[in-house]
Amino acid sequence: MVKRTIHLDKILIFILLVIVSFALTSCASEIPEGNIKDFVMEIDYDKSYEYIKTGKSVITSTYYENKVEDGKVVLTTYIDKDSMYYYTLKEVSGSYFGNDKDDYNFYQQEILSYFDEANNVVVYQKTDGILDNVSYSEEDVTDSVKSFFYSDVTSNYHSGGVYYGDYVLANVANYYQFFSLNDDETELTYSVNTKSETEDGKELINMHSFTVDRYGMIISLTSRAFTRDYSMEILTTIECEYNIPINKLINL
């Protein structure tokens, strides 16, 4: 079978396309009155950014061919806003590693940046056990932390951040039936399944769900796309924790 690796960033963009595809006409409807509207109307990015002091996210994407794991990428990120501490570990296996343009050219990469007690920039990058020669500006350090929320801090289009408040607001009016609150009304879940076709005419099933807290921050996400015959499947999950103790590295 032809190798079909897909870069993690492209997978995350695919997830967003699934979400955004349900929001194309969201301006045409109003959110029905009730507890969901009350929950959603309190979501605000500035409040979310202020609320989060520390955070951890684990993004895992696994590619299967004929129900057999063919490749995996795991991206683990820690942040501490007070010291603008940012650490990320990307682990690559199977067919995600290679020389094609959509492949990763490493198996493991760590990036560490923060401000020390003297407010100096500290940065390390290690690729497959070898330290890289990199330098960061102060803006690079702060942008790294902000990327925990939005992966592209120069725009409001995030392909890896874990703030989903904007997409909740965009979807909830027209697709109210896909949203639900937990019993104590502290978490909002969005869940939808769709069907489409691949380029070669196979039926592609998309199963997508995510849960956010009252600040619009992802708690968990699962996105699964597979052909009816299971010749291809991509499973992506995101798990996040906020305001938790962080064991900070000093160097790599």
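The following questions and answers concern a predicted model of a protein chain.

Reader: How many helices and strands does the secondary structure of the protein chain come to?
Author: The protein chain has 252 residues. Its secondary structure comes to five helices and eleven strands.

Reader: What share of the contacts with a separation of 6 or more comes from residues 24 or more positions apart?
Author: Ser113 and Tyr86 illustrate a pair of this kind, being 27 residues apart in sequence but 5.3 Å apart in space, C-alpha to C-alpha. Across the protein chain, residues 24 or more positions apart account for a share of 54% of the contacts with a separation of 6 or more.

Reader: Is Ser113 buried or exposed?
Author: Ser113 lies in strand S4, which spans residues 108–115. Beyond its neighbours within four places in sequence, Ser113 is in contact with several residues, including Met84, Tyr85, Tyr86, Val122 and Val123. Buried means under 20% relative accessible area. Because the relative accessible area of Ser113 is 0%, this residue is buried.

Reader: Which residues gather in a patch of negative charge on the surface?
Author: One member, Glu185, is found in the loop between strand S7 (179–181) and strand S8 (187–197). Patches are made of residues with over 30% relative accessible area, and Glu185 is partly exposed at 34%. The patch is formed by Asp38, Asp183, Asp184, Glu185 and Glu187.

How values were computed
Residues numbered from 1 in each chain as written. Predicted model: local features only at pLDDT ≥ 70, side-chain atom pairs only at ≥ 80, totals over all residues. Heavy atoms only, no water. Helix = DSSP H or I, 4+ residues; strand = E, 2+ residues; numbered from the N terminus. Buried < 20%, exposed > 50% of the residue type's maximum accessible area, 1.4 Å probe, protein only. Contact = heavy atoms within 4.5 Å. Patch = residues over 30% accessible without salt bridge, like charges linked within 9 Å, V, L, I, M, F, W, Y side chains within 5 Å. Areas by Shrake-Rupley, 256 points an atom, 1.4 Å probe, with all protein chains shown as cover. Salt bridge = Lys/Arg side-chain N within 4 Å of Asp/Glu carboxyl O. Lys, Arg positive; Asp, Glu negative; His and termini not counted. Charge placed at Lys NZ, Arg CZ, Asp CG, Glu CD.
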